[in-house]
Amino acid sequence: MKVSRQPAFRPKGGRVQHVLEVLAGIEGFEHPDRIEPLRGLSNRVFLLTAAGEEYVFRFASANADRLGIDRKAEALVLHLAAEAGIGPEVIRHVPPQGHLITRRIKAQAFADIPETYRDPGTLRSIVRTVRRVHSLPAIDHAFDPFARIRASFGRARDRDIALPAGSDRILLRLDEIEAARGPLRSPYLALCHNDLFAGNLLNADPIRLIDWEFAGMGDVFFDLATIVVATDESAPLSVEHRRAILDEYFGCTTPPHLRRLDDMVFVVRLHVVAWGLTHHVLGTPEHGWEGFTFLGFATEILEGLIDEL
């Protein structure tokens, strides 16, 4: 998940000892040469050096189930993506917690080079990679953003969290979009990444995708819409960029495709709101992000969506 207008990241080292205790139980990583915190919100992420090689270690959140994450499904998809050459090489996956060690991919995330990301040629390359994701074998795990959004707003109401005026209209709009979409079936049903924000897209050759926690069977338009908002949830890409995305994926842009993409851009942005609300309700620590709160982040995007209705 991407945080737009990123605040300063200041790592906090209070729990590094706990991380070292977990690593002590992972064969080959009991005594890392170096451990360095990286950016992460849902999970804590570290750069490891062991025996002269660099790895990325994800110290998994304990709230995976409540975040709708299936660690078994994630492990399966990670291996499928690695075999296809579009994901990181998996070195260790530790069930049931979901701690993960992958080989470091030495490439910039597109979050750090937004102008490169917006280049039409780059976008087309990203879309071609996403089509490869959608061609991976089906798995027995579904991703339903509509249900996830409603559940998140329900938890917020149950906790009496004050949401901006007009939030009810937002959920009515969500209902309208789902009704217009109809039942999800082929050719729009496929294995999707479902978190294609620019921080999870690496400018490698070929382009590589990381952070597959939300992967599951879903609507290909959710992935395409995430590409539209990947660098800034509050400032989606232009109509011209959207046409380029659809042209590359489908071979042409039709009015129904463009309407469906525009509708799903709304859903993706609202799913980001739901992600923030859920982490606020669960009390997820805001690891080292100066001035950042999950509730403030969610509220800012939600207010923008309400203003656009």
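This is a predicted model: local features need pLDDT of at least 70, side-chain atom pairs count only at pLDDT 80 or more; totals for chains, interfaces and linings use all residues.
Trainee: Why is Asp211 called partly exposed?

Mentor: Its relative accessibility is 28%. Buried means under 20% relative accessible area, exposed means over 50%, and partly exposed lies in between (1.4 Å probe, protein chains only). Residues are numbered from 1 along each chain as its sequence is written, and side-chain values use heavy atoms, with hydrogens and water left out.

Trainee: What makes the phi of Asp211 worth a remark?

Mentor: Phi of Asp211 is near 60 degrees, which is positive, and the residue is not glycine. Most residues other than glycine have a negative phi. Asp211 sits in the loop between S8 and strand S9 (216–219). Strands (E, at least two residues) and helices (H or I, at least four) are DSSP runs, numbered from the N terminus.

Trainee: Where is Asn194, and is it buried or exposed?

Mentor: Asn194 lies in the loop between strand S6 (189–192) and S7. Its phi is positive too, near 70 degrees. The relative accessible area of Asn194 is 2%, so it is buried.

Trainee: How do you know that the peptide bond from Pro95 to Pro96 is cis?

Mentor: Look at omega: it is near -5 degrees there. Pro96 belongs to the loop between strand S4 (90–94) and strand S5 (99–103). The bond from Asp205 to Pro206 is also cis, with omega near 5 degrees. Pro206 is in the loop between strand S7 (201–202) and strand S8 (208–209). Most peptide bonds are trans.

Trainee: Why is the pair Arg58 and Glu74 called a salt bridge?

Mentor: A salt bridge is a side-chain nitrogen of Lys or Arg within 4 Å of a carboxyl oxygen of Asp or Glu. The closest N and O atoms of Arg58 and Glu74 are 2.4 Å apart. That is within 4 Å, so the pair qualifies. Arg58 is in strand S3 (residues 53–59) and Glu74 in helix H2 (residues 71–84), 16 residues apart. Arg58 is buried at 8%, and Glu74 is buried at 1%.

Trainee: What other salt bridge does Glu74 form?

Mentor: Glu74 pairs with Arg71, with the closest N and O atoms 3.0 Å apart. Arg71 and Glu74 lie in helix H2, three residues apart, about one turn of the helix. An α-helix has 3.6 residues a turn, so residues three or four places apart point the same way.

Trainee: How many salt bridges does the structure hold?

Mentor: It holds 21. One network links Arg34, Glu36, Glu54, Arg104 and Lys106. Another bridge joins Glu308 and Arg269 at 3.0 Å, N to O. Glu308 is in helix H10 (residues 294–308) and Arg269 in helix H9 (residues 255–282), so the bridge ties together parts 39 residues apart in sequence. Glu308 is exposed at 52%, whereas Arg269 is buried at 6%.

Trainee: Why is H7 called roughly perpendicular to H9?

Mentor: Helix H7 (residues 220–229) packs on H9 at an angle of about 70 degrees, with axes 8 Å apart. Roughly perpendicular covers 65 to 115 degrees; under 35 is roughly parallel, over 145 roughly antiparallel, and the rest oblique. So H7 is roughly perpendicular to H9. Axes are lines fitted to C-alpha atoms, for helices over the stretch in contact, and angles run from 0 to 180 degrees between N-to-C directions.

Trainee: Which residues of H7 and H9 meet?

Mentor: Contact means heavy atoms within 4.5 Å. Among those meeting are Phe221, Leu224 and Val228 in H7, and Leu261, Met264 and Val268 in H9.

Trainee: How do you know that the length of H9 agrees with its residue count?

Mentor: The expected span is 1.5 Å times one less than the number of residues. H9 has 28 residues, so it should span 40 Å, and its end C-alpha atoms are 40 Å apart. The values agree.

Trainee: What makes H9 mostly covered?

Mentor: Of its 28 residues, 22 are buried. Just after H9, Gly283 takes a positive phi of about 75 degrees.
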